[in-house]
Amino acid sequence: MSAPDTEPSLGGLLRHMRVAVAAFAALLVGLGAIVVLGVVAPSSASSVIMLVLLAAMVATVLLFSMEVPQEPPLTRFFSGLGFAWVAILVGMTLLDYFTR
Amino acid sequence: MTTARRMSASVAAPEGVGIEVAEQFADATQQRHAAQLGMWAWLLTELLLFAGLFLCAAVLHVTHPAAVARAARHLKVWIGAANTAVLICSSLTMTGAITASRHGWRRWMLRCLLATAALGTLFLLLKGFEYYQDYLEHMTPFLDRPYALAGEPATRLYIDLYFLTTALHALHLTTGVAILLGMTWIARKPRFLHRHQNWIEVYGLYWHFIDLIWIMVFTLIYVVPR
């Protein structure tokens, strides 16, 4: 246990949040790209790119905002299991519709 | 009292930052892990709930592509985008509150919690404005009034799904803001961080998850079907 820290300035707080600020910037860039693709150039190809961008943004939130890699193994397993279950749900249902 | 810190922390726990161990736990680390796991278990049920709604949207998109595209083009994509940016900002302020709580910076923690609540409220105000615009444009098929796309019945399904999904999310956000304000009120007490630092960590998971769900709502409901 170390001595209590004194309250820093805003810059001091942000220096302790470099990863979070980088994730914030990445999410805003991702949002901008999705809006531009969806509004300016909607197409089947841009839909695929938007879904890839969405996956990247979700991963950014999970890895850097929710700090999943720093969780204990059981919690990491739970979080991975939840998204795997959703992938099965969506994948098998859409497979049915696409192959009819 | 035992002091515990999140495993990601790169510095030793400052004096006065920790959690009070409840009698059913062996130590603070076990209590912290149990709290994190409990929150994750609940968040996963929420993920499955919203995933069902996203799946409905995808099935509608596959079965009625033209009607869904027409309905999606009536949604207020710029308000949705602004709201996404607002929630991304609120995630940063929530991370600020967590970081400050880990270092024992109580004033910064309170400021960041209040900023997060303010951004959450701004989101809800924008959402209310969006619903009002939908009402004015007769895009509320579930109300007993003329519907702008009455000639295309499949659009009704998509617009109903849009309202259901966004209202469910708004309900989560409203609950989140209320809990956040209550926790900020409790956290203003000087010894809060001595006993309950993990409350901020666990609540932060919920707030980031609300942000994550909205990013999915915006992309899958507003933008991709256009």
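Which residues in α2(B) meet which residues in α5(B)?

## Helix contact in chain B

In this predicted model, Ala67(B), Val68(B), Arg70(B) and Ala71(B) of α2(B) meet Ala154(B), Thr155(B), Tyr158(B) and Ile159(B) of α5(B); contact requires C-beta atoms, placed from the backbone, within 7 Å. By class, the residues of this contact are six nonpolar, one polar and one charged.

The two helices, α2(B) and α5(B), pack at about 55°, with axes 8 Å apart.

## Nonpolar core

The largest nonpolar core has 73 residues, of which Ala97(B), Met109(B) and Ile213(B) touch the most other members. Such a core joins buried Ala, Val, Leu, Ile, Met, Phe, Trp, Tyr and Cys residues through C-beta atoms within 7 Å, where buried means 20 or more other C-beta atoms within 10 Å of the residue's own. The largest share of this core, 20 residues, comes from α6(B).

Beyond residues up to four places away in sequence, Met109(B) touches Ala97(B), Ala100(B), Ser101(B), Ala187(B) and Ile200(B).

## Interface between chains

Contacts link 48 residues of chain B with 45 residues of chain A. On the side of chain B that touches chain A, α1(B) gives the largest share, 13 residues. That side has 29 nonpolar, 14 polar and five charged residues.

## Basis of the model

Residues are numbered from 1 along each chain as its sequence is written, while chains are lettered from A and ligands numbered from 1 in the order in which they are written. Because the model is predicted, local features need pLDDT of at least 70 and side-chain atom pairs count only at pLDDT 80 or more, whereas totals for chains, interfaces and linings use all residues.

Definitions and conventions:
Buried ≥ 20, exposed ≤ 12 C-beta atoms within 10 Å, placed from the backbone. Helix = DSSP H or I, 4+ residues; strand = E, 2+ residues; numbered from the N terminus. Contact = placed C-beta atoms within 7 Å. Axes fitted to C-alpha atoms, helices over the stretch in contact; angles between N-to-C directions. Nonpolar A, V, L, I, M, F, W, Y, C, P; charged D, E, K, R; others polar.
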